Amino acid sequence: MENEKNNEEKLNPLIWLFIVILILWIISVVLVNLIFTTWTERGTFGDSFGALNSLFSGLAFGGIIYTILLQRKELKLQRDELILTRDELKRSANAQEESNKFQHEQIRIANLPIFQYETEIHNNVNYLIIKNESGRIAFDVDIWHYITYFEEDIIKKDFIEGYVKNISKKHLNLNLWDDEIWSISERGIYASFPNNYSIKIPIESPLDINIFDIFIQYRDSLNNNYALRILFDRSFSSNEVPFIIGEFEPKILTLFDRIDLTDVALKRETIHEIFKPVYDIHQSSIFVNHLKNKITFGVESRWHLKKINSY
């Protein structure tokens with residue numbers, strides 16, 4: 001609106017100038033016809049203004065050049081204004097995008113389930129207890145549990161000969177992680193993990209246990225997937241807490257793509273660096289169902305899921 005008003009203000013003087021020139025031209029024609037009665041006199045009088053005509057032609061040409069320069073200057077100002085407007089719009093768009101990211105992050109954090117991990121001894125059995133006291137429900141919970149052994153202490157081949165069912169021995173992969181580590185693996189899957197509930201996992205093996213890992217994945221109500229790897233070491237300072245957390249990755253709960261360790265097409269190079277040790281130990285593990293005196297069963301609700309304080 002302001003630009004249109006400025007343009008109108010610029011055009012008004014030009015219109016009035018054209019009107020005045022037109023009126024003067026008409027008056028000059030009338031006066032010449034009245035003063036000079038023959039065409040010869042009129043032609044002679046007109047020729048006397050040749051230099052004046054050249055002057056006005058030059059002035060007109062100069063006016064055209066001046067108008068072009070003014071238009072060029074206005075176009076440059078318009079381009080500068082467009083650049084400033086574009087930069088301002090870009091800054092506004094970036095600010096809006098950052099604001100949206102911040103709001104999404106706030107919503108994600110508000111829906112983030114956070115678990116607590118502790119171990120205990122009950123009736124001479126070691127247990128890992130995972131508690132959900134975050135006030136939020138977790139979905140698609142997938143827990144892998146690995147009891148780890150070193151080949152220099154317990155040879156995997158000897159363990160297979162002594163503790164694995166005969167029907168399973170020929171199907172087991174004898175590879176070792178870093179040529180020295182193998183494990184016994186176990187898995188539990190839960191469609192949901194409600195608030196104020198806990199999962200109680202027995203830590204059992206035919207051999208002594210000093211180290212075990214868990215790899216846990218779950219989703220929040222927004223379908224964001226989280227993954228965590230935790231290493232537990234035997235605690236020799238407490239009879240009530242048999243294992244303590246040695247390390248965990250990542251240090252802060254982070255979004256990750258879902259990892260399906262049972263997928264034969266899964267490649268180590270496609271996994272995030274944090275979870276490559278999980279892939280390695282999984283490839284070197286014996287699933288608990290292959291052990292003697294173990295009844296074969298599925299992995300759905302593998303371990304007790306109960307309300308906290310109901311055990």
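Guide: Glu247 and Arg229 form a salt bridge, their closest N and O atoms being 3.5 Å apart; the term denotes a side-chain nitrogen of Lys or Arg within 4 Å of a carboxyl oxygen of Asp or Glu. Glu247 belongs to strand E8 and Arg229 to strand E7, so the pair ties together parts that are 18 residues apart in sequence. The model is predicted: local features need pLDDT of at least 70 and side-chain atom pairs count only at pLDDT 80 or more, whereas totals for chains, interfaces and linings use all residues. Residues are numbered from 1 along each chain as its sequence is written, and side-chain values use heavy atoms, with hydrogens and water left out.

Visitor: Is Arg229 buried or exposed?

Guide: Buried means under 20% relative accessible area, exposed over 50%, and partly exposed in between (1.4 Å probe, protein chains only). Arg229 is buried, at 12%, and Glu247 is partly exposed, at 36%.

Visitor: How many residues of strand E7 are buried?

Guide: Strands (E, at least two residues) are DSSP runs, numbered from the N terminus. In E7, residues 225-234, eight of the 10 residues are buried, so the strand is largely enclosed by the rest of the structure.

Visitor: Which strands are joined to E7 by bridges?

Guide: Two strands pair if DSSP finds at least two bridges between them. Nine bridges join E7 to the antiparallel strand E6 (residues 211-219), and six join E7 to E8 (residues 243-249), also antiparallel. Leu231 of E7 stands opposite Asp213 and has Glu247 as its bridge partner in E8.

Technical notes
Helices (H or I, at least four residues) and strands (E, at least two) are DSSP runs, numbered from the N terminus.
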